[in-house]
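Hello,

Here is the structure I promised to pass on. Please open it first, then read my notes below.

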Amino acid sequence: MDKLDHWQARVDLACAFRWAARLGLHEAIANHFSLAVSADGRQFLINPYGKHFSEIRASDLILVDADDPSTLDRPDAPDITAWALHGALHRNQPRARCVLHTHSKYATALACLADSRLPPIEQNCMRFFERVAIDEGFDGMGLGDEAERVSRLLDGKPVLLMGNHGVMVAATSVAQAFDDLYYFERACETYMTALATGRPLRIASDEVARKTARQWLEYPDFAEKHFAALRRMLDREEVEYRL
Ligand SMILES: [Zn+2]
């Protein structure tokens with residue numbers, strides 16, 4: 001397999017890593033993004049262990065096979081939890097083409113509350129109304145059985161709020177997944193900031209929240225245009241991400 005294969009997928013995923021770093025969504029050299037490149041989802045691109053999100057280039061991304069146990073013996077092997085979590089997710093959810101996992105500050109703060117639901121208090125929160133699965137059963141790092149358990153929780157939703165851990169977003173494209181990750185973190189930031197005031201929250205009705213979520217979904221080409229703008233900025237300011 002040549003590194004020139006799946007080039008546009010590599011460039012898009014590298015762009016997502018660089019922007020996650022710019023926005024402070026990353027944590028050290030942990031956290032991982034993957035993108036399926038085969039129809040069954042079992043072949044996917046993922047970041048190699050040890051690279052900071054801000055330095056990842058298209059050619060750094062490694063192509064792995066979710067069914068190949070020798071993957072961790074490779075010299076450029078992925079992080080062990082990255083391999084377990086994303087491998088299980090791509091095996092069990094072939095429609096989730098792009099999977100982004102972070103411990104971003106505000107989503108993780110929400111994951112630390114006894115009640116990790118995100119109430120519909122403004123438009124960004126309403127975007128995720130009835131669209132977030134919540135993992136209530138954290139059982140240690142995402143390895144082995146824990147990775148298999150987590151991979152089955154999304155239930156067709158774009159966001160898995162991982163209690164005691166962080167967040168995972170899954171979508172059919174890098175642009176859509178990144179847009180969801182960006183807006184989910186923004187929504188959590190607003191909710192945490194509002195909670196910190198100690199004042200009563202202005203919670204919208206289920207009907208208004210549901211309608212607003214639907215309007216987000218119907219908004220034309222939003223995620224694609226957002227991601228195209230992010231790519232243009234990197235093309236001007238750090239074009240080596242494409243190498
Ligand atoms: Zn994690």
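Two residues are in contact if their C-beta atoms, placed from the backbone, lie within 7 Å. Among contacts in the chain between residues at least 6 apart in sequence, 72% join residues at least 24 apart. Keep in mind that this is a predicted model.

Now the overall picture. The chain has eight helices and seven strands. Its C-alpha trace spans about 55 × 45 × 30 Å along the principal axes. A compact globule of 243 residues would have a radius of gyration near 18 Å, and the chain agrees, with 18 Å. Buried residues account for 42% of the 243 residues.

Next, a pair of helices. The axes of H6 (residues 174–196) and H8 (residues 222–237) come within 8 Å. They cross at roughly 90 degrees. Angles of 65 to 115 degrees count as roughly perpendicular, so H6 and H8 are roughly perpendicular to each other. H6 brings Val 174, Ala 175, Gln 176, Phe 178 and Asp 179 to the contact. H8 brings Phe 222, Ala 223, Glu 224, His 226 and Phe 227. By class, six of these residues are nonpolar, two are polar and two are charged.

Last, two loop residues. Ala 28 is not a glycine, yet its phi is positive, near 50 degrees. Ala 28 sits in the loop between helix H1 (7–22) and strand E1 (32–36). Is Ala 28 buried or exposed? Ala 28 has 8 other C-beta atoms within 10 Å, so it is exposed.

Asp 221 also has a positive phi, about 55 degrees, without being a glycine. Asp 221 lies in the loop between helix H7 (206–218) and H8. Asp 221 is exposed, with 9 other C-beta atoms within 10 Å.

Best wishes

Notes: Residues numbered from 1 in each chain as written. Predicted model: local features only at pLDDT ≥ 70, side-chain atom pairs only at ≥ 80, totals over all residues. Axes fitted to C-alpha atoms, helices over the stretch in contact; angles between N-to-C directions. Helix = DSSP H or I, 4+ residues; strand = E, 2+ residues; numbered from the N terminus. Parallel < 35°, antiparallel > 145°, perpendicular 65-115°, else oblique. Nonpolar A, V, L, I, M, F, W, Y, C, P; charged D, E, K, R; others polar. Rg over C-alpha atoms; globule rule 2.2 N^0.38 Å. Buried ≥ 20, exposed ≤ 12 C-beta atoms within 10 Å, placed from the backbone.
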